Amino acid sequence: MVDLKGSSLSKPDGSQKTGIVGCVFNIERFAIRDGPGIRTTVFLKGCPLRCLWCANPESISPTPQLLYLENLCTRCYRCVEVCPNKATTKAPDGAIKIDRSLCKACGKCVEICPNKARQISGKLMTVEEVLEEVKKDALFYQNSGGGVTFSGGEPTQQPEFLWHLLKGSQESGIHTALDTSGFVKPEILKKVLEHTNLVLYDIKHMDPAKHKELTGVDNRLILENARMIVGMGKPMIIRVPLIPVHNDSQENIKALAEFMLSLGLKKVDLLPYHSLGKIKYQRLGMEYQLSDLKPFAEGEVAKIKADLESYGLQVGVG
Ligand code: SF4
Ligand code: SF4
């Protein structure tokens, strides 16, 4: 039995939740882009990759985090008074300063802020609490051929929590999909696939060095795991975050198509770059590295889609 332990978390305020607990940063009901039919997508926190274009920077840290919405702040300084860790202070020019290394995401400033200028991203939840949410739309899943999708972050970063969520969903008759970067130890991946009906598998670049430059890790483990999943007979759809300049070259598209064909895979979804996540970087005090990157011009994605289709692949655009 692979050891999946490591999901026992305590709340930032020190109190404990009993049972298997994980950190969830969003539960999206009626999702239609994360697998077949109508789905609930559960986003787990924590990711070992650092994709330059990441639209969910709040997913990277495995624990809850404070977001500061400066545009809503009226500088009443109540947060400065209430912070027990001196993480929030008043700068000489009157601005609000947050020292992220001191912030424990205790939420005290969120409670007191009169303008909702502060939020905590990431909630500690038990397996039962998540499943309760997921089961609310069981009827919609049945009628549409949908189910639940576990995404992230990289959901396998919370392996024990994930395994129980997948198992509990299947035991309730709910179709399960796992959205993964594939950057995970093969033994953990195998274990969570025991209760996974469909794998949504992200491939960011086919070249190991370029992959490392874009995401912080090379892609050999990812490509090996893809082969393993196919060998296990699991249905898999490839997903490609399509980023202008960085991974849209003809050479990369050709390498992707050839890799898919070598595995007998037919379905690929393209997820064209957008900069909607940019504002979140500011709210988290993080730097957005693709500030100058322009989204695709009209027709460019259609051309890449046609290129992939010319290899006999079925291509969706999300
Ligand atoms: S969440 Fe707010 S009150 Fe709590 S430590 Fe962070 S800045 Fe201070
Ligand atoms: S409590 Fe809210 S509105 Fe007041 S200074 Fe802090 S963030 Fe701004």
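How many nonpolar, polar and charged residues does the shell around ligand 1 have? It has 8 nonpolar, 3 polar and 3 charged. Here Ala, Val, Leu, Ile, Met, Phe, Trp, Tyr, Cys and Pro count as nonpolar, Asp, Glu, Lys and Arg as charged, and the others, Gly among them, as polar.

Some ground rules. This is a predicted model: local features need pLDDT of at least 70, side-chain atom pairs count only at pLDDT 80 or more, and totals for chains, interfaces and linings use all residues. Residues are numbered from 1 along each chain as written, chains are lettered from A and ligands numbered from 1 in written order, and side-chain values use heavy atoms, without hydrogens or water.

Back to ligand 1. Among the 14 residues around it, C83, N85, C103, C106 and C109 come nearest. To be near, a residue needs a heavy atom within 4 Å. Ligand 1 sits in the second largest cavity.

Now ligand 2. The space it takes is the largest cavity. A cavity is a set of points, on a 1 Å grid over the protein atoms alone, where a 1.4 Å probe fits but cannot get out. To sit in one, a molecule needs more than half of its atoms within 2 Å of the grid points. Ligand 2 is surrounded by 13 residues, and the closest are C73, C76, Y77, C79 and C113. Its shell has 9 nonpolar, 2 polar and 2 charged residues.

Next, the sheet. It is open, with 9 strands in the order 7-1-2-8-9-10-11-12-13 and mixed pairing. Strands (E, at least two residues) and helices (H or I, at least four) are DSSP runs, numbered from the N terminus. Two strands pair if DSSP finds at least two bridges between them. Strand 7 (123-126) and strand 13 (314-317) are the edges, each pairing on one side only. Strand 11 (236-242) and strand 12 (267-272) pair in the parallel sense over 5 bridges. There, I238 stands opposite V268.

Helix 9 (250-263) packs on the sheet and touches strands 11 and 12. Contact means heavy atoms within 4.5 Å. The direction of helix 9 makes about 170 degrees with that of strand 11. Angles run from 0 to 180 degrees between N-to-C directions, with axes fitted to C-alpha atoms, for helices over the stretch in contact.

Last, two backbone details. The peptide bond from G152 to G153 is cis, with omega near 10 degrees. G153 lies in the loop between strand 8 and helix 5 (159-171). R75 is not a glycine, but its phi is positive, near 55 degrees.

Technical notes: On a 1 Å grid over the protein atoms alone, a cavity is a set of points where a 1.4 Å probe fits but cannot get out, and a pocket is an open set with protein on both sides within 12 Å along at least five of seven lines; lining residues have an atom within 4 Å of a point.
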